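This report describes selected helices and loop residues of one protein model. Please read it alongside the sequence and the coordinates.

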Amino acid sequence: MMFVKTVRCLRWNYQNTIRRLSVVYAAYGAPGDVLSLHTSGIGEEKRGPLGPTEVFLRMLAAPVNPADINMIQGTYPIKPTLPAVGGNEGVFEVLEVGSKCSKFKQGDRVLPLSAGWGTWRSEAWCSEDDLQLVPADIPVIAAATITVNPCTAYRMLEDYQQLQEGDVVVQNSGNSGVGQTVIQIAAARNLRTINIVRDRPDLQSLIDELKSIGATEVVTEEFAQSYRMKSLIEKMGKPKLALNGVGGKSSLTLLRLLVDAGSMVTYGGMSRQPVTVPTGLLIFNNVKVYGFWMTKWASASSPTARHEMLNALYEWIRSGSLRTVPHNTWKLQEFQSAVMQSMEPFHSKKQVFVNEI
């Protein structure tokens, strides 16, 4: 009983000494035009005491992902009720639990389970059923960025081909968040990767960076579409799996590299160009073409499958095989700079909001 009173006192002090901040949008459009900073959460100004199975949370860290931008623009399949808080991913600390909450205690770190949750906020209230516990030894930034890119990379490497040590995986968008995680998980599994990136002024620096985290080969789109790629494939062997985050001509390049009965998985379309599959590759090479959306997988999967996936990722984090994503940190008050930085071309760092109190 004393514990409950102490926690409620903490909540009272916190709410009355710290401004509640959230980055919100009341209409769909360009982030620079529609995002604004509110000093209290959407619908929280009149919020009463916690329900029996609710928890009161403080945001620790929440990244800016491409899907967040698309959701704000109104181009994402999920469209939250407006006005809405931005952000789909993050890690929170439990500050208070309801009287019948059995899953969490004060001080626990938790992840939201559903997309469109609204993580760009200093505080939140929700049902305990909407959250999943994070082990205390997982670093904050690693926990905040685990449910989108690492989970996507894990599932694509796990579900579409029975990959064995030494097998080759090819991917475009090799320096993206998913791409960098694919490189590291593949290296941990003793798979070899060919990573295609766009040419840029600091290309060698990027190549060195990706090889430092386990990339086998890093080439440009121009290289991949030239005769030189044939020599590289002859040396390494044809890929069993291709991962496409770009679409258009780049995805066609991936398809033509695959071994017979190989698979290409599309998880993004940065070029905004369609994926075209030549009839001959389907008939004579028996290639398989799939689409993957992490949100759909999560909604259809069992809690056991989700726990197994996250536990595997946690073990790679603990061992150092999966590093914390390169990142810049921002206060919520700096949302404009953080969001604009995330939309700049040729960037490989994640922009992450942190809650400073």
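The text below takes up helix packing, then single residues and backbone features.

The model is predicted, and local features need pLDDT of at least 70, side-chain atom pairs count only at pLDDT 80 or more, while totals for chains, interfaces and linings use all residues. Residues are numbered from 1 along each chain as its sequence is written, and side-chain values use heavy atoms, with hydrogens and water left out. Helices (H or I, at least four residues) and strands (E, at least two) are DSSP runs numbered from the N terminus.

**Helix H13 and its surroundings**

Helix H13 spans residues 303-319 and has 17 residues. From first to last C-alpha, H13 reaches 24 Å, close to the 24 Å expected at 1.5 Å a residue; the expected span is 1.5 Å times one less than the number of residues. Arg306, Met309, Leu310, Leu313, Tyr314, Trp316 and Ile317 of H13 are buried. These residues lie on the same side of H13, because they cover an arc of only 160° around the axis. Buried means under 20% relative accessible area, exposed over 50%, and partly exposed in between (1.4 Å probe, protein chains only). The arc is that of the directions from the helix axis to the C-beta atoms. An α-helix has 3.6 residues a turn, so residues three or four places apart point the same way.

On the face of H13 turned away from its buried side are the exposed residues Glu308 and Ser319. The buried residues of H13 pack against strands S6 (109-112) and S8 (131-134), and against helices H4 (140-144), H5 (149-159), H6 (177-188) and H12 (294-300). Contact here means heavy atoms within 4.5 Å. Just after H13, Gly320 has a positive phi of about 90°.

Two packed helices are described by the angle between their axes and the distance between the axes. Axes are lines fitted to C-alpha atoms, for helices over the stretch in contact, and angles run from 0 to 180 degrees between N-to-C directions. Angles under 35 degrees count as roughly parallel, over 145 as roughly antiparallel, 65 to 115 as roughly perpendicular and the rest as oblique.

The axes of H5 and H6 come within 8 Å and cross at roughly 55°. That angle makes H5 oblique to H6. In this pair, Asn149, Pro150, Thr152, Ala153, Tyr154, Met156 and Leu157 of H5 meet Gly177, Val178, Thr181, Val182, Ile185 and Ala186 of H6.

For H5 and H13, the axes come within 11 Å and cross at roughly 105°. H5 and H13 are therefore roughly perpendicular to each other. Their contact involves Pro150, Cys151, Tyr154 and Arg155 of H5, together with Ala305, Met309, Leu310, Ala312, Leu313 and Trp316 of H13.

In H3 (residues 66-73), Asp68, Ile69, Met71 and Ile72 are buried. Seen down the axis of H3, these buried residues fall within an arc of 160°, so they line one face of the helix. Their cover includes strand S1 (22-25), helix H2 (31-34), strand S2 (35-38), strand S3 (54-64) and H14. Ala67, also in H3, is partly exposed, with a relative accessible area of 23%. Beyond residues up to four places away in sequence, Ala67 touches Tyr76 and Asn88. H3 is followed by Gly74, whose phi is positive, near 85°.

Helix H10 (residues 248-257) is mostly covered, with eight of its 10 residues buried. Among them are Leu252, Leu254, Leu255 and Leu257.

Ala338 lies in H14 (residues 335-342) and counts as buried at 0% relative accessibility. Ala338 and Pro63 are 275 residues apart in sequence and 9.4 Å apart in space, C-alpha to C-alpha. Neighbours within four places aside, Ala338 is in contact with Trp330, Gln351 and Phe353.

**Loop backbone**

The peptide bond from Leu82 to Pro83 is cis, with omega near -5°. Pro83 sits in the loop between H3 and strand S4 (84-85).
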